[in-house]
Amino acid sequence: MDSLTPEARSRLMARIGGKGTKPELAVRSLLHRMGLRFRLHDRMLPGSPDIVLRRHRTVVFVHGCFWHRHGCRMTTTPKTRKEFWQQKFDANVARDERSERKLEELGWRVLVVWECETRDLIDLERRLGGFFFQGVDPSSTKP
Ligand SMILES: [Zn+2]
């Protein structure tokens with residue numbers, strides 16, 4: 001049992017279940033409460049973004065800090081099979097960058113919400129509100 005932390009495993013299982021991860025559900029309900037309307041997991045768009053707000057020409061990715069390498073405290077690396085994990089992580093990060101670039105080329109605004117940022121929903125709501133209603137740069141907070 002070297003490969004996944006319990007948290008990573010439950011995230012993976014949530015993903016497989018297709019119902020969205022807990023952080024993703026938190027962002028969805030927040031956006032909904034803010035009166036924003038969206039579609040989910042649009043496979044026609046690069047990277048099949050988790051949340052698509054067509055009216056705002058914006059896509060939202062809710063990234064797990066572990067899988068997408070946020071660099072925060074939750075960005076742990078398994079102690080064994082390091083090389084295997086490193087390759088996996090590198091591939092994820094490269095794919096994210098590629099998808100974001102393609103989406104921006106298509107004229108979409110790309111908003112990344114990190115899993116650890118969904119722990120403070122008040123702060124997150126303020127940021128999302130600034131972005132959607134006041135046009136504030138949504139740049140993701142650095143860890
Ligand atoms: Zn994080």
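Arg-39 is exposed, with a relative accessible area of 58%. Here, exposed means over 50% relative accessible area, buried means under 20%, and partly exposed is what falls in between (1.4 Å probe, protein chains only). You'll find Arg-39 in strand β1. Arg-39 and Arg-54 are 15 residues apart in sequence, while their C-alpha atoms are 8.2 Å apart in space.

Before going on, a word on what you're looking at: this is a predicted model, in which local features need pLDDT of at least 70 and side-chain atom pairs count only at pLDDT 80 or more, while totals for chains, interfaces and linings use all residues. Residues are numbered from 1 along each chain as its sequence is written, and side-chain values use heavy atoms, with hydrogens and water left out.

**The overall layout**

The protein chain has 5 helices and 4 strands. Helices (H or I, at least four residues) and strands (E, at least two) are DSSP runs, numbered from the N terminus. Reading from the N terminus on, the order is α-α-β-β-β-α-α-β-α. Of the 143 residues in the protein chain, buried residues make up 43%.

One of the buried residues is Thr-58, at 0% relative accessibility. Thr-58 sits in strand β3. Thr-58 and Trp-108 are 50 residues apart in sequence, yet 5.4 Å apart in space, C-alpha to C-alpha.

**Salt bridges**

Side chains of opposite charge can pair when their charged atoms come close. A salt bridge here is a side-chain nitrogen of Lys or Arg within 4 Å of a carboxyl oxygen of Asp or Glu. By that rule, the count comes to 5 salt bridges. Among them are these:

| Pair | N to O distance |
|---|---|
| Asp-42 and Arg-54 | 2.9 Å |
| Glu-117 and Arg-127 | 3.1 Å |
| Asp-123 and Arg-126 | 2.3 Å |

Let's start with Asp-42 and Arg-54, which form a salt bridge. Asp-42 lies in the loop between β1 (39–40) and β2 (51–53) and Arg-54 in the loop between β2 and β3 (58–63), so the pair ties together parts that are 12 residues apart in sequence. Asp-42 is buried, with a relative accessible area of 13%, whereas Arg-54 is partly exposed at 47%.

Next come Glu-117 and Arg-127, whose side chains meet in a salt bridge. Glu-117 lies in the loop between β4 (109–114) and α5 (121–134), and Arg-127 in helix α5, so this pair ties together parts that are 10 residues apart in sequence. Are Glu-117 and Arg-127 buried or exposed? Both Glu-117 and Arg-127 are buried.

That leaves Asp-123 and Arg-126 from the table, another salt bridge. Asp-123 and Arg-126 are 3 residues apart in helix α5, so about one helical turn separates them. Asp-123 counts as partly exposed at 28% relative accessibility, and Arg-126 counts as exposed at 58%.

**A positive patch on the surface**

Which residues gather in a patch of positive charge on the surface? They are Lys-88, Arg-95, Arg-98, Arg-101 and Lys-102. Patches are made of residues with over 30% relative accessible area and no salt bridge; like charges are joined within 9 Å, and nonpolar side chains (Val, Leu, Ile, Met, Phe, Trp, Tyr) within 5 Å. Lys-88 belongs to helix α4 (residues 82–105), and at 35% relative accessibility Lys-88 counts as partly exposed.

**Cysteines**

How many disulfides does a search of the whole structure find? The search finds 0 disulfides, where a disulfide is a pair of cysteine sulfur atoms within 2.5 Å. As for the cysteines themselves, Cys-65 is buried, with a relative accessible area of 0%. Cys-72 is buried too, with a relative accessible area of 14%.

**Two loop arginines with positive phi**

Arg-57 has a phi near 50 degrees, a positive value in a residue other than glycine. Arg-57 is placed in the loop between β2 and β3, and is partly exposed, with a relative accessible area of 37%. Arg-69 also has a positive phi, near 60 degrees, and is likewise a residue other than glycine. Look for Arg-69 in the loop between α3 (65–68) and α4.

Conventions. Areas by Shrake-Rupley, 256 points an atom, 1.4 Å probe, with all protein chains shown as cover. Lys, Arg positive; Asp, Glu negative; His and termini not counted. Charge placed at Lys NZ, Arg CZ, Asp CG, Glu CD.
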